[in-house]
Amino acid sequence: MSVLPPQPESLRVLHLEDSEEDAELIANALAKDWPDCRIDRVETRRDFLAALRREPFDLILSDYSVPEFGGLAALELARQEQVETPYIFLSGTIGEDRAVEALKLGATDYLIKDRPERLIPAVRRALNEARERRRWRQAQETPESQHEWLLQFAEQSNDVFWCAEFEPKRFVYVSPAFERVWGIPAAELHKDPGAWERAIHPIDRVRVRSAWDLCLSGVQPVFEEEYRVVRPDGSERRVADSGIALRDPAGRRVRMSGIARDVTGSLPT
């Protein structure tokens, strides 16, 4: 398998922050690992949007609470303009509900400002994940000769890669991360496809099934849901799951393929 390249020495960062003191602390921390780091700090919606449209960035950092411009609104703009750029929230205080909402809307991570030791590991992880996802998308468009590399990537990823056929309902592939998240061996899922749905928390199950059926029928273009998984030992994991329906040459929707990400561990502690 190809070895991922080392972290670049230069780093282009867009930082939405109204506190000069906080901005300086973050800049100093980044400069230790990326001496050539270039940070564009903005405070307003207008300047933030202008920067997004001016050039691509390697990373976006954002306070959750910026006067007259909320963090979630900034996240929405970033996902419209630079969908693949990692987006990390930095805030003074954060509750679980807000963190989950931010992750569901596309944030990469959420850090508390008074825990600066988490910043560099979080940035490195975000950059690595972004690079891997770009390579994954690019590889999907390559000839079949890349199949082995794709399989190796999926087999070693922390995300759950899955592909299911509709008639009859069966999972034709699920990556090893499934067992780490669901607590169920992949072999069991292949024998009993219903194990996936039964593991979903009863409160979430109907909603997830409805979203699946809407994608299958073509009413919705994508399947995108966040739900809780109840593992055999009774513990719960929170999963952000997304997929698209795949068509056969006749245009019929015959499969759905996607990626499920365990977002439980991304919540601040």
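Is Asp 233 buried or exposed? In this predicted model, in which local features need pLDDT of at least 70, side-chain atom pairs count only at pLDDT 80 or more and totals for chains, interfaces and linings use all residues, Asp 233 is exposed, with a relative accessible area of 58%; buried denotes under 20%, exposed over 50% and partly exposed the range in between (1.4 Å probe, protein chains only). Residues are numbered from 1 along each chain as its sequence is written, and side-chain values use heavy atoms, with hydrogens and water left out.

Asp 233 takes part in a salt bridge with Arg 231, in which the closest N and O atoms are 4.0 Å apart. A salt bridge is defined here as a side-chain nitrogen of Lys or Arg within 4 Å of a carboxyl oxygen of Asp or Glu, and the structure holds 22 of them. In another, the side chains of Arg 237 and Asp 262 meet at 2.8 Å, N to O. Because Arg 237 belongs to strand E11 and Asp 262 to strand E12 (residues 253–262), this contact ties together parts that are 25 residues apart in sequence. Helices (H or I, at least four residues) and strands (E, at least two) are DSSP runs, numbered from the N terminus. Arg 237 is partly exposed, at 26% relative accessible area. Salt bridges with shared partners also join Arg 38, Asp 40, Arg 54 and Glu 55 into one network. Within that group, Arg 54 and Asp 40 form a salt bridge with their closest N and O atoms 2.9 Å apart. The pair links distant parts of the chain, with Arg 54 in helix H2 (residues 45–54) and Asp 40 in strand E2 (residues 38–42), 14 residues apart. Asp 40 counts as buried, at 17% relative accessibility.

Aromatic contacts were examined next. The structure holds 12 aromatic pairs, a pair being rings of Phe, Tyr and Trp (its six-membered ring) with centres within 6.5 Å, classed as stacked for planes under 30 degrees apart, edge-to-face for over 60 and tilted for the rest. The rings of Tyr 87 and Phe 89 are edge-to-face, because their planes stand at 65 degrees, with the centres 5.1 Å apart. Tyr 87 is buried at 0% relative accessible area, and Phe 89 is likewise buried at 0%. Phe 166 and Trp 212 also form an edge-to-face pair, with ring centres 6.2 Å apart and planes at 90 degrees. This pair connects distant parts of the chain, as Phe 166 occupies the loop between strand E8 (160–165) and strand E9 (170–174), while Trp 212 lies in helix H10 (residues 202–217), 46 residues apart. Phe 166 and Trp 212 are both buried. Ring pairs gather Trp 162, Phe 166, Phe 171, Trp 196, Trp 212, Phe 223 and Tyr 227 into a cluster. Lys 169 lies over the face of Trp 212, 5.1 Å from the ring centre, under the criterion that NZ of Lys or CZ of Arg is within 6 Å of the ring centre and within 35 degrees of the ring normal.

Strands E8 and E9 form a hairpin with four residues between them. Their pairing, which requires at least two DSSP bridges, is antiparallel over four bridges. Phe 171 in E9 is the bridge partner of Ala 164.
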